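Here is a quick tour of charges and greasy spots on a protein model. Have a look at the picture first, then read on.

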Amino acid sequence: LEQQISLSLESHFVMSAQSINSKMEERLDAIKALCHAALKQKQCIQKQREKFKEALSELKELKAEYEMLQNENETFEEDKRRSQLHQCYICYKSIVIEPNTQIQT
C-alpha cells in the first residue's frame with residue numbers, strides 16, 4: 001500500500017510538473033511572439049523615422065531654394081525699378097534739362 005501511495009504521488013507530481021512545464025512553454029512562446037512583434041514595430045518606427053528625416057531634409061533644401069529664388073526675384077524687381085527710374089530720368093532730361101540748357105546757351 002505504501003508503495004502504491006508512493007507511486008501514485010510520484011505519478012501525480014510528474015503529471016503536475018509536466019502540466020506546469022507545458023504552461024511555461026506556452027507562456028514562453030507567447031512572450032517570444034510579443035518580442036517578435038515589438039521588434040517588427042521598432043523596425044517599422046525606425047524606417048518611418050528615416051523617411052521623416054529624409055522628408056525634413058528635402059523640405060529644408062526646398063526652403064533654401066525658395067529663399068534663394070525670392071532673393072533673386074527681389075534683386076530682379078530692384079533692377080527693374082532702377083531701369084524704370086533711369087528711363088524716367090532720360091525722359092526728364094530730354095524734355096526738361098536739355099531744352100533749358102539749349103535755351104540758356
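Let's start with Asp-79, which is partly exposed, with a relative accessible area of 41%. Keep in mind that this is a predicted model. The side chain of Asp-79 meets that of Arg-82 in a salt bridge, with 2.9 Å from N to O. Both Asp-79 and Arg-82 sit in helix H1, three residues apart, which is about one turn of the helix. Salt bridges with shared partners tie Glu-78, Asp-79 and Arg-82 together into one network.

So what does Glu-78 bring to this? Glu-78 makes a salt bridge with Arg-82, and the closest N and O atoms are 3.9 Å apart. That pair is also in helix H1, with Glu-78 and Arg-82 four residues apart, about one turn of the helix. Glu-78 counts as partly exposed because its relative accessible area is 38%, and partly exposed covers the range between under 20% (buried) and over 50% (exposed).

## Another pair on the helix

How many salt bridges does the structure hold? There are three. One of them links Lys-63 to Glu-67, where the closest N and O atoms are 3.9 Å apart. Lys-63 and Glu-67 both belong to helix H1, four residues apart, or about one turn of the helix.

Is Lys-63 buried or exposed? Lys-63 has 52% relative accessibility, so it counts as exposed.

## A greasy patch

Which residues form the nonpolar patch on the surface? They are Leu-1, Ile-5, Leu-9 and Phe-13, and together they have about 470 Å² of accessible area.

Take Leu-9 as an example: this residue lies in helix H1. Leu-9 counts as partly exposed because its relative accessibility is 45%.

Notes
Residues are numbered from 1 along each chain as its sequence is written. This is a predicted model: local features need pLDDT of at least 70, side-chain atom pairs count only at pLDDT 80 or more; totals for chains, interfaces and linings use all residues. Side-chain values use heavy atoms; hydrogens and water are left out. A salt bridge is a side-chain nitrogen of Lys or Arg within 4 Å of a carboxyl oxygen of Asp or Glu. Helices (H or I, at least four residues) and strands (E, at least two) are DSSP runs, numbered from the N terminus. Buried means under 20% relative accessible area, exposed over 50%, partly exposed in between (1.4 Å probe, protein chains only). Patches are made of residues with over 30% relative accessible area and no salt bridge: like charges are joined within 9 Å, nonpolar side chains (Val, Leu, Ile, Met, Phe, Trp, Tyr) within 5 Å. Accessible areas come from the Shrake-Rupley method with a 1.4 Å probe; for residues, only the protein chains shown count as cover.
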